[in-house]
Amino acid sequence: MAIMITDECINCGACEPECPNTAIYEGGVEWTWGGGTELTEVDFGDGTVISGKAPQAPVSNEFYYIVSDKCTECMGFHEEPQCAAVCPVDCCVPDPDQVEDEETLLAKKAWLHAEA
């Protein structure tokens with residue numbers, strides 16, 4: 001499952017630099033698929049293809065947020081999610097709406113980082 005940031009976030013920013021997939025952004029900041037990954041374009045499988053540099057709407061305007069489609073829970077990088085490890089208020093928690101198994105998380109990591 002992906003990690004989410006709760007509304008208890010104090011906006012300290014400790015989590016953002018820890019993410020190996022650049023899936024964490026400051027509230028109100030647009031994100032990109034390509035930022036921190038090897039993706040140059042994203043094919044959604046329905047005929048929609050966008051540039052990895054295309055800005056995406058912020059998930060939250062108030063708090064730091066995690067783009068769940070880029071979150072791998074640090075699988076393949078670290079033994080535990082680094083955002084949760086450094087969060088001083090324990091607001092980086094598993095997202096019950098984004099449950100994924102280890103195989104899925106590792107496949108997502110391989111896709112994000114162009115690992116054959």
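## A buried lysine and its partner

At 9% relative accessibility, lysine 108 counts as buried (under 20% relative accessible area is buried, over 50% exposed, in between partly exposed; 1.4 Å probe, protein chains only). Its side chain meets that of glutamate 100 in a salt bridge, 3.0 Å from N to O. The term needs a side-chain nitrogen of Lys or Arg within 4 Å of a carboxyl oxygen of Asp or Glu. Glutamate 100 is partly exposed, at 22%.

This is a predicted model: local features need pLDDT of at least 70, side-chain atom pairs count only at pLDDT 80 or more, and totals for chains, interfaces and linings use all residues. Residues are numbered from 1 along each chain as its sequence is written, and side-chain values use heavy atoms, with hydrogens and water left out.

## Lysine 109

A search of the whole structure finds two salt bridges. One of them joins lysine 109 and glutamate 115, with the closest N and O atoms 2.7 Å apart. Lysine 109 is buried at 10% relative accessibility. Glutamate 115 is partly exposed at 37%.

Lysine 109 also lies over the face of phenylalanine 77, 4.7 Å from the ring centre. For such a contact, NZ of Lys or CZ of Arg must be within 6 Å of the ring centre and within 35 degrees of the ring normal.

## A stacked tyrosine pair

The whole structure holds four aromatic pairs. Rings of Phe, Tyr and Trp (its six-membered ring) pair if their centres lie within 6.5 Å; planes under 30 degrees apart are stacked, over 60 edge-to-face, the rest tilted. Tyrosine 25 and tyrosine 65 have ring centres 5.8 Å apart and planes at 25°, so they are stacked.

Tyrosine 25 sits in strand S2 (residues 24-25) and tyrosine 65 in strand S5 (residues 65-66), so the pair ties together parts 40 residues apart in sequence. Helices (H or I, at least four residues) and strands (E, at least two) are DSSP runs, numbered from the N terminus. Tyrosine 25 is buried at 8%. Tyrosine 65 is buried at 3%.

## The tryptophans

Tryptophan 33 and tryptophan 111 pair edge-to-face: 5.8 Å between centres, 70° between planes. Tryptophan 33 lies in the loop between S2 and strand S3 (41-43), and tryptophan 111 in helix H2 (residues 102-112), so this pair links parts 78 residues apart in sequence.

Tryptophan 33 is buried, with a relative accessible area of 5%. Tryptophan 111 is partly exposed, at 38%. Trp33 and Trp111 belong to one aromatic cluster with Trp31 and Phe44.
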